[in-house]
Amino acid sequence: MNRRLLIPWLFLCLPILILAQKKKAKNPNSRFDLEYAKVDGISLKLDLLMPAKKTDRKPELVVFFHGGSWRSGSKKTCHVGWLNHHGYAVASVDYRLSGQAKFPA
């Protein structure tokens, strides 16, 4: 992507990401910082983003692992939270980064 187009594109997308984060925080059905494992004293957590609308049926689950080449990133940068509006549950998972767990851990 051309550098001249990247900066305006980021400024256009930033408000959308902020609104998505606010919507995620207001959903009373979602659960945050749920510990799913503890490895070498490090607590591994996930955010479970549930659809706002309750139904009789259990929602299908999408598991999201953030990018960052195992060196950086966080479960907080969930790019598929919008799936909640379509009835899916999303588990955004944190994992040990390469600074915490050396290969082949």
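Modeller: Here is a short tour of the sheet, some residues in it, and the core.

Colleague: What should I know before I start?

Modeller: This is a predicted model: local features need pLDDT of at least 70, side-chain atom pairs count only at pLDDT 80 or more, and totals for chains, interfaces and linings use all residues. Residues are numbered from 1 along each chain as its sequence is written, and side-chain values use heavy atoms, with hydrogens and water left out.

Colleague: Fine. In what order do the four strands sit in the sheet?

Modeller: The order is 1-2-4-3, in an open sheet with mixed pairing. Strands are DSSP runs (E, at least two residues), numbered from the N terminus. Two strands pair if DSSP finds at least two bridges between them.

Colleague: Which strands stand at the edges?

Modeller: Strand 1 (31–39) and strand 3 (61–65). Each has a single partner strand, so one side of each lacks a neighbour in the sheet. From one strand to the next, the twist averages 25°. Axes for that are lines fitted to C-alpha atoms, and angles run from 0 to 180 degrees between N-to-C directions.

Colleague: How do strand 1 and strand 2 pair, parallel or antiparallel?

Modeller: Antiparallel, over six bridges, with strand 2 covering residues 42–49. Leu34 has Leu46 as its bridge partner, and Ala37 stands opposite Leu44.

Colleague: Switching to Asp47. Buried or exposed?

Modeller: Asp47 is in strand 2. It counts as buried because its relative accessibility is 4%. Buried means under 20% relative accessible area, exposed over 50%, partly exposed in between (1.4 Å probe, protein chains only).

Colleague: What does the Asp47 side chain reach?

Modeller: The backbone nitrogen of Asp33, at 2.9 Å. Not counting residues up to four places away in sequence, Asp47 also touches others, including Arg31, Lys75 and Ser92. Contact means heavy atoms within 4.5 Å.

Colleague: And Val39, what does that touch?

Modeller: Leu44 and Arg96, again leaving out residues up to four places away in sequence. Val39 and Arg96 are 57 residues apart along the chain, with C-alpha atoms separated by 8.8 Å. Val39 lies in strand 1 and is partly exposed, at 27% relative accessibility.

Colleague: Last one. Which residues make up the largest nonpolar core?

Modeller: Six residues: Leu49, Phe64, Cys78, Val80, Leu83 and Val90. A nonpolar core is a set of buried Ala, Val, Leu, Ile, Met, Phe, Trp, Tyr and Cys residues joined through side-chain atoms within 4.5 Å. Val80 touches Phe64 and Val90, not counting residues up to four places away in sequence.

Methods: Polar contact = N/O pair within 3.5 Å; in protein donor to acceptor, adjacent residues only side chain to side chain.
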